[in-house]
Amino acid sequence: MNIKNVTVAGTGVLGSQIAFQTAFKGFNVSAYDINDEALENAKVKFKTLQQRYIDDKYGTQEEVDAALSRITLFADLAEATKNADLVIEAVPELLQIKEKFYTELSKLAKPNTIFASNSSTMIPSQIVGFTDRSDKYLHLHFANEIWRLNIAEIMKHDGTSDEVFNEVIDFAKAIAMVPIPLYKEQPGYVLNTLLVPYLSAAMQLVVDGIAEPKIVDKTWMISTGAPLGPFAFLDIIGPNTPYNLYKAKGEAGDEMAAKAAKWIKEEFLDKGKMGTANGKGIYNYPEPEYSKTDFLK
């Protein structure tokens, strides 16, 4: 595998996790964001991740300290990418932001640098035209809490070279992910193609006043043997992405989505509940109610 130096662009919830996991597995990581304030926030996220890895018995203090030492922070994209073999983009899910980012990145990165987007809502053909390397562009999508829910969905487009596709599959394995190769473009990849309808059905039960969230989870867990239910998943995902998606659908005329966006705003965002990210959601963490033996009684 030729990938040694990795740049992660965007240090939000997933970007910070991707950067830390990559460094944890021995790669040199450049973490880029738009200004010093964003990078200061990234430092806090990395410290939190260090403790999560220890709490989850995923890494020792020595290992997480070593991971942090492999991450260098940059607010200058040229400096962040000058040695990159792979750039993983995790900037906001707005097409105009991605267009600006890839147009600039294409001028700065080495000719052989692979570009991979972590976009959860867009497919490669929507973005590849902003780059100067169709054959070296694809999508690399992670689930939140990647050290535990360790899949990496790798989606090619018609122009992605097989060599690059296989190289990124090997990289995913090297950072302890289970690679999920997608040979055609699919909005939502595999995970969200399955997960979004599941969460929407659960949300409808709640916003229509049919059942409370914990009852919905309990029903699913008892009936299927699953270790957690849809609202526990919502806590892991965090409220921001579902809120933005439901809000957009609601504004386009979807009545249920509008009610769901309102519910997430009132129950999560207005109360400062960010799910597992800050320990407050439908459940309280690190010991959520659903993890206790009497929850299913």
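Colleague: Is helix H10 (residues 230-237) largely enclosed by the rest of the structure or largely open, and why?
Modeller: In this predicted model, the buried residues of H10 are Pro230, Phe231, Ala232, Leu234, Asp235 and Ile236. Buried here stands for under 20% relative accessible area. Because 6 of the 8 residues of H10 fall in that class, the helix is largely enclosed by the rest of the structure.

Colleague: Which helices do the buried residues of H10 pack against?
Modeller: Phe231 and Leu234 are among the buried residues of H10. The partners of the buried residues are helix H8 (191-207), helix H9 (213-224), helix H11 (240-251) and helix H12 (255-267).

Colleague: Which residue just after H10 takes a positive phi?
Modeller: Helix H10 covers residues 230-237. Just after H10, a positive phi of about 90° is found at glycine 238.

Colleague: Which strands are joined to E6, and in which direction does each pair run?
Modeller: Strand E5 (residues 114-117) is joined to E6 by 3 bridges, and phenylalanine 115 has tyrosine 137 as its bridge partner. Strand E7 (residues 151-155) is joined to E6 by 4 bridges, with alanine 152 standing opposite phenylalanine 142. The pairs are therefore, by their bridges, E5 with E6, parallel, and E6 with E7, antiparallel.

Colleague: Which helix gives the most to the lining of the second largest pocket?
Modeller: The second largest pocket holds about 210 Å³ of space. Its lining includes Asn2, Asp85, Asn112, Lys136 and Ser161, and the lining residues divide into 3 nonpolar, 3 polar and 5 charged. With 3 residues, the helix that gives the most is H7 (residues 162-174).

Colleague: What radius of gyration does the protein have, and does that value agree or disagree with a compact globule?
Modeller: The protein has 12 helices and 8 strands, and its C-alpha atoms fill a box of roughly 55 × 45 × 35 Å along the principal axes. With 297 residues, a compact globule would have a radius of gyration near 19 Å. The value for the protein agrees with this, being 19 Å.

Colleague: What percentage of the contacts with a separation of 6 or more comes from residues 24 or more positions apart?
Modeller: Buried residues make up 48% of the 297 residues in the protein. Among the contacts with a separation of 6 or more, the share from residues 24 or more positions apart is 66%.

Definitions and conventions: Residues are numbered from 1 along each chain as its sequence is written. This is a predicted model: local features need pLDDT of at least 70, side-chain atom pairs count only at pLDDT 80 or more; totals for chains, interfaces and linings use all residues. Side-chain values use heavy atoms; hydrogens and water are left out. On a 1 Å grid over the protein atoms alone, a cavity is a set of points where a 1.4 Å probe fits but cannot get out, and a pocket is an open set with protein on both sides within 12 Å along at least five of seven lines; lining residues have an atom within 4 Å of a point. Grid points are joined across faces, edges and corners, and a volume is the space filled by probe spheres set on the points. Helices (H or I, at least four residues) and strands (E, at least two) are DSSP runs, numbered from the N terminus. Ala, Val, Leu, Ile, Met, Phe, Trp, Tyr, Cys and Pro count as nonpolar, Asp, Glu, Lys and Arg as charged, and the others, Gly among them, as polar. Two strands pair if DSSP finds at least two bridges between them. The radius of gyration is taken over C-alpha atoms; the globule rule is 2.2 Å times the number of residues to the power 0.38. Buried means under 20% relative accessible area, exposed over 50%, partly exposed in between (1.4 Å probe, protein chains only). Contact means heavy atoms within 4.5 Å.
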